[in-house]
Amino acid sequence: MNQLKQLDQFFAENRERHLEEMKEFLAIPSVSSLSEHKPDMKKAADHLANLLKKAGMENIQVRDTAGHPVVTADWLHAENRPTVLVYGHYDVQPVDPIELWDSEPFQPEIRDNIMYGRGSSDDKGQVFMHIKVLEAMLQSEEKLPVNVKVLFEGEEEIGSVNLDGFIEDHKEELAADLVLISDTALYAPGKPAVCYALRGLTGVQINVSGAKGDLHSGIYGGGVQNPIHALADILASFHDEHGTIKVEGFYDSVRQLTAEERAAFAELDFDEEGIKSEAGVKELFGEEGFTYLEQTWARPTLEVNGVFGGFAGEGIKTVLPAKAGAKITCRLVPDQDPYEIVKLLRQHIEANKPAGVDIEVTEFDKGKPFITPMDHPLIQAAGRSYETQYDEKTAYIRAGGSIPIVSTFDEILGTPVVMMGFALSTENFHAPNEHFHLENFDKGLRVVSDYFHEIKDYSK
């Protein structure tokens with residue numbers, strides 16, 4: 001019996017035990033954002049450590065941070081083989097509104113081969129899947145085909161506030177040939193996807209000040225600058241009528257899509273009518289010359305997220321407001337630097353400042369974009385492993401959102417990151433009735449097992 005058939009048999013014979021163990025893990029209310037669940041966070045970390053011990057991993061530690069614990073372990077006996085760092089998170093979102101759940105969020109149950117419970121798909125179910133892969137290999141083969149380190153954190157849902165520092169302080173210990181993450185989704189049911197790039201994020205708040213207080217519009221109107229008018233001029237200066245950003249230098253560092261990437265996106269047969277219906281809009285709008293997927297995955301944006309100032313109550317109040325403001329965020333793509341983009345925004349705002357007002361610009365948190373090139377051998381190997389279990393060709397996709405910790409791995413460890421998710425975008429992560437289709441749990445066990453064997457001869 002070859003190794004993968006032996007693993008397949010192990011998964012089949014132990015499936016019921018695995019699902020009961022997953023329920024035990026999901027039952028721990030590891031909500032990182034609520035202080036009353038701090039003991040549960042420690043309980044979940046200890047539970048993970050115990051699962052890793054039973055799996056056969058070594059050097060298992062539950063490590064304190066300024067927030068919630070980090071769990072690490074390793075198995076490093078595959079001589080002359082690559083080292084994989086498996087990352088995931090054991091914290092979950094709050095469950096409100098509780099009345100919209102069809103079952104108790106921390107009393108997991110299976111209905112129609114679907115596991116319901118908070119954290120089932122994001123990300124405890126997928127973390128658990130990786131542990132069961134390691135267990136299967138170490139118990140059925142008594143070894144791993146590659147070296148493996150694991151890093152499971154408890155603060156992803158609150159911004160991984162302490163993980164950057166932990167990685168920096170332990171970068172030699174965490175050194176690896178690749179980081180493997182299962183915290184993303186398939187492209188569609190039955191359609192596997194390797195996500196190879198994420199957009200970064202930065203932003204500013206613009207505060208516009210005029211007179212020392214609100215003024216009577218009949219006495220001062222027409223003779224004193226209105227901060228809302230000034231703000232509107234600044235906001236209008238950011239784009240042209242075709243959706244192109246007019247901030248000088250904004251696009252200078254943008255890595256252009258390759259012909260292969262554009263062809264891969266085109267093959268996905270994207271449903272524009274479906275996205276219109278989903279968003280509730282009559283037509284799509286974006287930067288001219290690019291498809292919707294290209295606009296949302298591989299092009300930078302500048303969005304006005306909120307505008308405030310003046311009187312907004314019922315009726316009318318005839319004033320010139322003293323202050324106005326707006327919040328702006330930019331999604332960034334490789335190779336844009338969020339610090340450089342903020343500098344360009346400041347210069348643009350100053351150059352377009354109307355007379356009669358003062359402008360203050362404050363900065364928000366920053367996250368760098370990330371990419372492992374689509375043709376990287378580790379990315380292509382992931383696609384082949386998916387196709388051993390799914391009857392569809394693997395999609396190679398980017399994501400329009402940001403996962404700051406991914407760029408941290410790239411920047412601090414200098415390591416390719418491979419994102420192989422098994423959730424579905426419809427599985428209500430962060431919402432009531434979160435669930436995980438166990439068909440994808442079963443396939444995920446086998447895909448990841450195949451991947452470890454697929455990359456065992458990889459060298460940089």
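**View 1. Y220 counts as partly exposed, since its relative accessibility is 38% (buried means under 20% relative accessible area, exposed over 50%, and partly exposed in between, with a 1.4 Å probe and protein chains only).** The model is predicted, so local features need pLDDT of at least 70 and side-chain atom pairs count only at pLDDT 80 or more, while totals for chains, interfaces and linings use all residues. Residues are numbered from 1 along each chain as its sequence is written, and side-chain values use heavy atoms, with hydrogens and water left out. Y220 belongs to helix α7, which covers residues 217–220 (helices are DSSP runs of H or I with at least four residues, strands are runs of E with at least two, and both are numbered from the N terminus). Together with I219 and V224, Y220 makes a nonpolar surface patch of about 280 Å² (a patch takes residues with over 30% relative accessible area and no salt bridge, joining like charges within 9 Å and nonpolar side chains, namely Val, Leu, Ile, Met, Phe, Trp and Tyr, within 5 Å; areas follow the Shrake-Rupley method with a 1.4 Å probe, and for residues only the protein chains shown count as cover).

**View 2. Four strands build an open sheet in the order β11-β13-β9-β14, with antiparallel pairing.** At the edges stand β11 (303–309) and β14 (358–363), and because each has a single partner strand, one side of each is left without a neighbour in the sheet. From one strand to the next, the twist averages 15°. Strands β9 (residues 200–209) and β13 (residues 323–332) run antiparallel and are joined by ten bridges (strands pair if DSSP finds at least two bridges between them), and G203 is found opposite T329 in β13. Helix α8, residues 227–236, lies across β9, β11, β13 and β14 and runs at about 15° to β13 (axes are lines fitted to C-alpha atoms, for helices over the stretch in contact, and angles between N-to-C directions run from 0 to 180 degrees). Helix α12, residues 338–351, lies across β9, β13 and β14, and its direction is at about 25° to β9.

**View 3. Strand β2 (residues 70–75) is largely enclosed by the rest of the structure, because six of its six residues are buried.** V70, T72 and D74 point one way from β2, whereas V71, A73 and W75 point the other way. β2 pairs in the antiparallel sense with strand β1 (residues 58–63) over four bridges, where E58 has D74 as its bridge partner, and six residues lie between β1 and β2 in the hairpin that they form. β2 also pairs in the antiparallel sense with strand β6 (residues 147–153), over five bridges, and here V71 has F152 as its partner.

**View 4. An open sheet of three strands has the order β4-β5-β18, with antiparallel pairing.** Its edge strands, β4 (109–111) and β18 (435–437), each pair on one side only. The twist averages 25° from one strand to the next. Helix α2 (residues 15–26) packs on the sheet and touches β4 and β5, with its direction making about 25° with that of β5 (contact means heavy atoms within 4.5 Å). Helix α15 (residues 438–454) lies across β4, β5 and β18, and runs at about 60° to β18.

**View 5. R63 and E173 form a salt bridge in which the closest N and O atoms are 2.6 Å apart.** This pair links distant parts of the chain, for R63 is in strand β1 and E173 in helix α6 (residues 171–174), 110 residues apart. The structure holds 27 salt bridges (a side-chain nitrogen of Lys or Arg within 4 Å of a carboxyl oxygen of Asp or Glu). R63 is buried, with a relative accessible area of 13%, whereas E173 counts as partly exposed at 35% relative accessibility.

**View 6. A salt bridge joins the side chains of E294 and R262, with a distance of 2.7 Å from N to O.** The two residues come from distant parts of the chain, 32 residues apart, E294 in helix α11 (residues 292–297) and R262 in helix α9 (residues 259–266). E294 counts as buried at 4% relative accessibility, while R262, at 36%, counts as partly exposed.
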